[in-house]
Amino acid sequence: MEPQIKNQPNIAETLAKEMKSPMVFPDPIVDCISRIAYPPGWQVTEFNDEKYRDTPIRKKATVRLIEMASFIDYIKRHGSLAICTTWCEVNYSAGKVSFTAILNDHGETEDAPAWRDHTARFKPEFSEEWIRWNKLNKEPLSQVGFAAFIEENLKDIATVNGSPTGGQMLEMALSFEANQDMKFKSAIRLQSGGVNMSFVQTDDAQTIAQMQMFDRFTLGMPVFWGGDAYQVDARLRYLQREGKLTFYYELIRQDKVLEAATQTIIKTIRETTGNPFFFGDPFAS
């Protein structure tokens, strides 16, 4: 038996001491990655040369689209029926709708994992009409301010049986303006559902002006930019304080209108792409 010599260097230590050049160890799986050990301490550093190649080793991106057609085209261009999924997050009462497509999602089987880092996002833009009417929903306006708002957005008034026409709403708005300097006296609710209002001159109580206010009206407007128009009903209300009136409107279940418009988008995306479709957050922690 050969005697053991204390502190005798082994082969690896001898090579490390004698070799002065860095040692390169290619990755056995990913050919663009190498690990380099540098003397004298032989600290290992990883080097990835993917960015110097003409093309990357795989697709990955995060894109945002502003229209449904572009979102669908991007899915069909880069996705596949095997690994592409589409997700929808909605909160109709809060007015929030968004879509996410994961182009490299996990496959159906347990042995088909994927990176899930190639995504396309689409958040439908609301139409200008929808934004305007929702912004002032339930907000009190002065007599003149409400009249000006109706006049400015008169084109959104829909002609529907049982609701005032755009011309009738304009006539009401002009009456608001004409009686702005008079003092509110009384209001009588009519069987037709409207309200008949009386105004008097502050310096002549015998001078009385009459004005009829509708109790509800109907809007016809697109929910999303470039989308179809939908019917939205609204109640018209007033508040009286010290002889002065303020007016406001209440949109009736606009969340259901938003849901109907969103369902149209969902139907189009599902039928056009054919990818698996889910409701929820695809990246919830």
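This is a predicted model: local features need pLDDT of at least 70, side-chain atom pairs count only at pLDDT 80 or more; totals for chains, interfaces and linings use all residues.

Reader: In what order do the five strands of the open sheet lie?

Author: The edges of the sheet are β4 (61–65) and β15 (277–279), each of which pairs on one side only. Between β5 and β6 there are seven bridges, and these two strands run antiparallel. β5 and β15, in contrast, pair in the parallel sense over three bridges. The pairing is mixed, and the order is β4-β7-β6-β5-β15.

Reader: By how many degrees are neighbouring strands of this sheet turned against each other on average?

Author: The value is an average over neighbouring strands of this sheet, with direction ignored. It comes to 20°.

Reader: Which helix packs on the sheet and touches β15?

Author: Helix α2, residues 68–78, packs on the sheet and touches β4, β5 (85–91), β6 and β7, with its direction at about 165° to that of β7. Another helix, residues 254–273, packs on the sheet with contacts to β5, β6, β7 and β15, and its direction makes about 15° with that of β6. The helix asked for is α6.

Reader: Which residue in β15 is the bridge partner of Cys 88?

Author: Cys 88 has a bridge partner in β6, namely Phe 99. On β15, the bridge partner of Cys 88 is Phe 279.

Reader: Is Cys 88 buried or exposed?

Author: A residue is called buried when its relative accessible area is under 20%. Cys 84 has 1% and is buried. Cys 88 also has 1% relative accessibility, so Cys 88 counts as buried.

Reader: How many disulfides are there?

Author: A disulfide is a covalent bond between the sulfur atoms of two cysteines. To be counted, a pair of cysteine sulfur atoms must lie within 2.5 Å. By this rule the number of disulfides is zero.

Reader: What kind of ring pair do Phe 71 and Phe 99 form?

Author: The whole structure holds 14 aromatic pairs. In this one the ring centres of Phe 71 and Phe 99 are 6.4 Å apart and the planes stand at 50°, so the pair is tilted.

Reader: How many residues apart are Phe 71 and Phe 99?

Author: Phe 71 belongs to helix α2 and Phe 99 to strand β6, so the pair links distant parts of the chain. Both residues are buried. Ring pairs also join Phe 71 and Phe 99 to Phe 122, Phe 277 and Phe 279 in a cluster.

Reader: What kind of pair do the rings of Trp 133 and Tyr 249 make?

Author: Both Trp 133 and Tyr 249 are buried. Their ring centres are 5.1 Å apart and their planes are at 65°, and planes over 60 degrees apart count as edge-to-face. The pair is therefore edge-to-face.

Reader: Is Lys 138 buried or exposed?

Author: Lys 138 lies in the loop between α3 and β8 (141–142), and has a positive phi of about 70° although it is not a glycine. Arg 116, in the loop between β6 and β7, has a positive phi near 60° and counts as buried at 18% relative accessibility. For Lys 138 the relative accessibility is 51%, so Lys 138 counts as exposed.

Reader: What percentage of the 285 residues in the protein chain is buried?

Author: The secondary structure of the chain comes to six helices and 15 strands. Of the 285 residues in the chain, the buried ones make up 34%.

Technical notes: Residues are numbered from 1 along each chain as its sequence is written. Side-chain values use heavy atoms; hydrogens and water are left out. Two strands pair if DSSP finds at least two bridges between them. Helices (H or I, at least four residues) and strands (E, at least two) are DSSP runs, numbered from the N terminus. Axes are lines fitted to C-alpha atoms, for helices over the stretch in contact, and angles run from 0 to 180 degrees between N-to-C directions. Contact means heavy atoms within 4.5 Å. Rings of Phe, Tyr and Trp (its six-membered ring) pair if their centres lie within 6.5 Å; planes under 30 degrees apart count as stacked, over 60 as edge-to-face and the rest as tilted. Buried means under 20% relative accessible area, exposed over 50%, partly exposed in between (1.4 Å probe, protein chains only).
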